[in-house]
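Keep the model open as you read.

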Amino acid sequence: MNIVPNTTAQAGGADRVPGPERCPTSLEIAAILRHRYGLPVQLIAGRPMVTTGSILGAIVMPPELGRKVLATLDRTHPAPVIVEPEECSWTFLVTPPIPARPVELAVRRCLAGHQVTVVPGGRHIMLPTTAATPGWQWAGEPAPGALRMPPRAAVITAVHQVTTRQAVTR
């Protein structure tokens, strides 16, 4: 995601030529993320973040598993996915169930066995701010317009499909 174009206006005209970039402020980045993707962005400690709850949920997993889950979901659901610096983990933004309900204990245990965590409500998720590395990046960039996320159940099902296939092929 390139938030600021690499151009500057020449004196006296509308001609645009390559020039130095101006770093956008945190407020500008938050506004762009809200407008472009429909994300419910808040500035917390000067960083654009979303908070898990009734509008948005998150599921965190290791990168290798995340790639496979994203490939599985690509066929059925758009999936905004955030990669933490140095690819420590992938965070899938998901639509929580309505009415809200916790993930069953047996399912949470199974997910935990694959280092997958369903993020509880009230937690802050840092958002990517540029395409530059190092930093938070989009592995699955949200589509422009109204925010579309896979249901939490669809991501959990994809994790089960991928991990079951891995167990069968071993």
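The chain has four helices and 10 strands. Helices here are DSSP runs of H or I with at least four residues, strands are E runs of at least two, and both are numbered from the N terminus. Read from that end, the order is β-β-α-β-β-β-α-β-β-α-β-β-β-α.

This is a predicted model: local features need pLDDT of at least 70, side-chain atom pairs count only at pLDDT 80 or more, and totals for chains, interfaces and linings use all residues. Residues are numbered from 1 along each chain as its sequence is written, and side-chain values use heavy atoms, with hydrogens and water left out.

Start with the totals. Of the 170 residues in the chain, 38% are buried. Buried means under 20% relative accessible area, exposed means over 50%, and partly exposed lies in between (1.4 Å probe, protein chains only). The accessible surface of the chain comes to about 9600 Å², and 58% of that belongs to carbon and sulfur atoms. Such areas come from the Shrake-Rupley method with a 1.4 Å probe; for residues, only the protein chains shown count as cover.

Now the sheets. One is open, has five strands and runs β8-β5-β7-β6-β10, with antiparallel pairing. Two strands pair if DSSP finds at least two bridges between them. β8 (117-118) and β10 (137-140) are at the edges with a single partner strand each, so one side of each has no neighbour in the sheet. Inside this sheet, five bridges join β5 to β7 (residues 90-94), and the two run antiparallel. Met-61 has Trp-90 in β7 as its bridge partner.

Which strands does α2 lie across? They are β5, β6 (81-83), β7 and β10, and α2 runs at about 35° to β7. Axes are lines fitted to C-alpha atoms, for helices over the stretch in contact, and angles run from 0 to 180 degrees between N-to-C directions. Helix α2 covers residues 63-74. Its expected span is 1.5 Å times one less than its number of residues. For 12 residues that gives 16 Å, and the end C-alpha atoms are 16 Å apart, which agrees. The buried residues of α2 are Pro-63, Leu-65, Gly-66, Val-69, Leu-70, Thr-72 and Leu-73. An α-helix has 3.6 residues a turn, so residues three or four places apart point the same way.

The other open sheet has three strands in the order β3-β4-β9, again with antiparallel pairing. The twist averages 55° from one strand to the next. Three bridges join β3 and β4. Among the partners, Leu-43 bridges to Pro-48 in β4.

Between β4 (47-51) and β5 (57-61) comes a loop that holds Thr-52. Is Thr-52 buried or exposed? Its relative accessibility is 4%, so Thr-52 counts as buried. Beyond four places in sequence, its contacts include Gly-57, Val-119, Pro-120 and Ile-125.

Ala-100 sits in another loop, between β7 and α3 (105-112). Ala-100 is exposed because its relative accessible area is 73%.

Last, the cysteines. The structure holds zero disulfides (pairs of cysteine sulfur atoms within 2.5 Å). Cys-88 is exposed at 54% relative accessibility, and Cys-110 is partly exposed at 34%.

Conventions: Contact = heavy atoms within 4.5 Å.
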